[in-house]
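Thanks for coming, everyone. I'll walk you through one structure today. Please bring it up on your screens.

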Amino acid sequence: MTKTVFFTGATGYIGGATLAHLLASPSTASFTYSALVRNRDKASLLESLGVRPVIGSLDDAALLSAEAEKADYVIHTADSADHMPSCRAILDGMKKRNDNPILIHISGTGVLTDDARGEYATDMIYSDLDLEHVYALPDTAFHRDVELAVLSASPKVKTHIISPPTIYGIADHTLVRKGISNPVSIQLPQVIRASLGRKQAGMVGKGLNVWPCIHITEIAVAIAAVFEAALAGKSRTGHDGYYFAESGEYKAFDVCSEIARILHAKGIGKPEPTTFTDEEIKKYFGGSYYLGSNSRCKSPRTRQLGWNPTNMTSDFLKSIGPEIDYILKQDASKS
C-alpha cells in the first residue's frame, strides 16, 4: 500500500520548497501527499500536482488531528515553531496510531538567541552532536515550548526537530511558478523594508551579532535528508533527533553594509548603515530587538546523513541585491 504524507505549509517559503523537492525526488515522489491549505484557488493548483488539498487552517484542531492520524508521515512547516494548538492537534492524531509514525517538525535557531542587541558576538556555538547545551536552554526561549511538546510525544511518535537559521534566496520551483508558494523569506526582507522605509540602511546596535545562514534550496534538501533517513530507519529520533542546518554564518553588520551599498547605488541613503533608533525598532519590528541577537550553531549530525550544502556566506551576501530588486519591483506593482 502506498505510504501517505500529511504536509503543512505548502504555500509557505520553507514548506513550498520542501514539498517541491519531495515531489520531484525519486525516493519520495511515489508517496500520496495531502496538504493543508486555506485558499481554494491554491487548493486546485495543488490538486493539479497530485496533492490532495485539505481545506482548513492551523486553528482547525479536529481536522489536523484527523489528518495526522490517517497519515503514515507528517511534515509540519506551517508556523510550526510557535503555533502550539496545531502542534498539539497533530501530535494527538499521530499518537492514536500504533505504528510509531514519523514526524518532521520545523523549529528554528531563534531558540538559541540572546539579548545582544547588536552590541557583541557570542562565543557560544551550539552543535547538533552535543545536545546537552540545547536541552539546557530555558523553557522560555523562543520556540522552546513547542519543541518540548514535540519531544513529549516520543517514543510513541518518531519525532525529528529541524532548526533552520536565516534562510535566503528567491525560491524558484514548481510550487512558486504555479503561484502556490511564497518565494521569499521573512528575516532579510524585514531589514530591507525597514531600510527602505527610513531611506537609509539600518542595523540593530553596532551590528556585531552573528547568525548562521542557509540557502532555501539547501534547507529543503536538508529536511528531505532527515525524512529519507527516517524512512530508512537510520535517523536519530526523540531527544537525539534534533538537527541544525547551516552552511556558514554572517555578522549582521556585513549584511546591513551590503544593503547600504546597494541602496546607495540606487540613490537611497548613505553607503554605510546606521543604527535603528528605539522608535524605529518599535515602528518596523514591533519593539523587538530580535534582529540584534546572536544565534550560532553547527550541523554535523545533519551532515552525517549525507547532506552537503555548497553555498557559503559569500553567496548569502550576493543574494541581497536580487532580494532588494524583488522587493522594489513588488512595491512598484502595488502603487
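Let me start with a question. In which sense do β2 and strand β3 pair, and over how many bridges? They pair in the parallel sense, over 4 bridges. Find residues 52–55 and you have β3.

A quick caution before we move on. This is a predicted model.

Now the other partner of β2. Strand β1, residues 4–8, is joined to β2 by 4 bridges, and these two run parallel. Look for Thr4, which stands opposite Thr32 in β2.

Is β2 mostly covered or mostly open? Strand β2 spans residues 32–37, and it is mostly covered. Of its 6 residues, 5 are buried.

Zoom out to the whole sheet. It is open and has 7 strands. Read the order with me: β3-β2-β1-β4-β5-β7-β11. The pairing is parallel. Which strands stand at the edges? They are β3 and β11, the latter at 242–244. Each has a single partner strand, so one side of each lacks a neighbour in the sheet. From one strand to the next, the twist averages 20°.

Stay at the β11 end. Its pairing with strand β7, residues 158–163, is in the parallel sense, over 3 bridges. There, Ile162 has Tyr243 in β11 as its bridge partner.

Next, helices on the sheet. Helix α1 lies across β1, β2, β4 and β5. It runs at about 160° to β1. Helix α4 packs on the sheet as well, touching β1, β4 and β5. The direction of α4 makes about 175° with that of β4.

Last stop: two helices together. Take helix α3, residues 61–70, and helix α4, residues 84–94. Their axes come within 7 Å and cross at roughly 40°. That angle makes α3 oblique to α4. The crossing is right-handed. Who makes the contact? On the α3 side, the residues include Ala61, Leu64 and Ala68. On the α4 side, they include Ala89, Ile90 and Met94.

That's the tour. Over to you for questions.

Note on methods. Residues are numbered from 1 along each chain as its sequence is written. This is a predicted model: local features need pLDDT of at least 70, side-chain atom pairs count only at pLDDT 80 or more; totals for chains, interfaces and linings use all residues. Side-chain values use heavy atoms; hydrogens and water are left out. Buried means under 20% relative accessible area, exposed over 50%, partly exposed in between (1.4 Å probe, protein chains only). Two strands pair if DSSP finds at least two bridges between them. Axes are lines fitted to C-alpha atoms, for helices over the stretch in contact, and angles run from 0 to 180 degrees between N-to-C directions. Angles under 35 degrees count as roughly parallel, over 145 as roughly antiparallel, 65 to 115 as roughly perpendicular and the rest as oblique. A crossing is left-handed if the near helix is turned anticlockwise from the far one by less than a right angle, and right-handed if clockwise. Contact means heavy atoms within 4.5 Å.
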